Amino acid sequence: MPMTRVAFVIAENPPKRLDKALARDVPEEASLSRTRLAKLLEGGHVSVGGAVVTDPKAKVAEGAEVVIEVPVADESHIGPEDIPLDVIFEDADLIVINKPAGMVVHPAPGTPNGTLVNALLHHCGDSLSGVGGSKRPGIVHRIDKETSGLLVVAKSDRAHHGLAAQFEKHTVERYYNAVVYGVPDSGEPRLRGVRGVSFEPGNIMKITTHLARHKTDRQRQAVLFESGRHAVTRARIVERFGNPEVGSLVECWLETGRTHQIRVHMTHAGHSLIGDPTYGGRRKLSEKALSIAGINAAKSFPRQALHAAVLGFEHPVSGENLRFEAPIPDDMAALISALRNK
């Protein structure tokens with residue numbers, strides 16, 4: 001197997017454990033995350049002073065010569081495809097994409113190609129330095145096929161590790177635009193009786209539950225309170241539609257990031273997303289409240305009206321704070337315009 005040789009010397013005052021010393025002193029240009037270094041240690045690819053060491057807890061002295069034999073990244077089994085991408089930002093370590101509605105993020109049974117990963121493999125080409133030993137983009141979060149908006153993807157192992165840690169700690173800023181049935185206002189008496197729903201200053205609705213896969217429908221998520229994974233969503237009203245009010249544009253932001261979280265939580269609160277085929281249903285809107293054009297636009301909207309509008313995080317390599325915004329896509333803008341005009 002072809003190898004790349006990384007050689008360096010342990011600096012002064014090294015940590016007591018070898019794995020921590022390696023993580024501190026390995027050259028940055030090697031693009032080796034802690035996770036990757038741990039696997040290389042375990043696999044016998046690390047030599048200290050000419051002797052192979054596999055124990056991560058082994059002691060290492062200042063001035064010790066370290067050689068790491070890194071297997072050259074394998075080609076991904078997923079094929080590249082020339083699919084246009086809306087690239088918001090890109091450097092050697094990561095890429096930020098404004099994903100269109102209708103595109104699946106990662107190949108899976110039923111969607112083996114035409115995905116964001118296929119497109120990234122073509123777009124990035126040889127600039128992928130390898131994630132986990134394979135030349136592939138590092139997917140650290142996903143948005144649903146029919147949700148549009150911003151995604152960050154790692155191009156290097158060090159970026160993948162750093163981004164994944166930020167998502168795990170819930171420090172990534174993520175704001176979504178959603179068009180929903182009804183108006184989630186603190187003055188609505190019904191909401192006071194919905195378990196898990198509360199209001200914070202500024203008329204911000206907070207939804208706190210657990211989420212888990214539905215017992216009978218494996219394609220859905222279900223709200224639970226005693227088991228499942230902790231999930232918190234906040235939402236505020238941006239614009240109200242109808243007279244009387246029957247819909248609204250809301251801004252949602254995530255404290256956690258669970259599968260279908262916004263869609264499930266807004267449905268739990270009684271404010272499902274317009275166009276959501278899985279959770280929303282098709283509510284009948286009053287002809288007295290909206291124009292015929294508005295009613296028809298809501299009735300015929302072909303996807304959940306959800307857009308990942310803002311994405312902010314710390315660059316996992318440079319440490320720079322990055323924040324990106326993607327405007328509401330044309331189909332949602334047309335829906336909002338139709339609902340707005342009486």
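Me: How much space lies in the largest cavity?
Reply: About 40 Å³. The model is predicted, so local features need pLDDT of at least 70 and side-chain atom pairs count only at pLDDT 80 or more, while totals for chains, interfaces and linings use all residues. Residues are numbered from 1 along each chain as its sequence is written, and side-chain values use heavy atoms, with hydrogens and water left out.

Me: What makes this space a cavity?
Reply: On a 1 Å grid over the protein atoms alone, a cavity is a set of points where a 1.4 Å probe fits but cannot get out. Grid points are joined across faces, edges and corners, and the volume is the space filled by probe spheres set on the points. A search of the whole structure finds one cavity of 30 Å³ or more.

Me: Which residues line the largest cavity?
Reply: H141, I143, L150, R174, Y175, Y176, A308, A309, V310 and L311; a lining residue has an atom within 4 Å of a point. Strands are DSSP runs of E, at least two residues, and helices are runs of H or I, at least four, numbered from the N terminus.

Me: How do the lining residues divide into nonpolar, polar and charged?
Reply: Eight are nonpolar, one is polar and one is charged. Ala, Val, Leu, Ile, Met, Phe, Trp, Tyr, Cys and Pro count as nonpolar, Asp, Glu, Lys and Arg as charged, and the others, Gly among them, as polar.

Me: Why is the contact of D93 and R158 called a salt bridge?
Reply: The term requires a side-chain nitrogen of Lys or Arg within 4 Å of a carboxyl oxygen of Asp or Glu. For D93 and R158 the N to O distance is 2.9 Å, so the pair qualifies. D93 lies in the loop between β6 and β7 and R158 in helix α4, so the pair ties together parts that are 65 residues apart in sequence. By this rule the count comes to 17 salt bridges.

Key: 1 Å grid on protein atoms, 1.4 Å probe; cavity = no way out; pocket = protein on both sides within 12 Å on 5 of 7 lines; lining within 4 Å.
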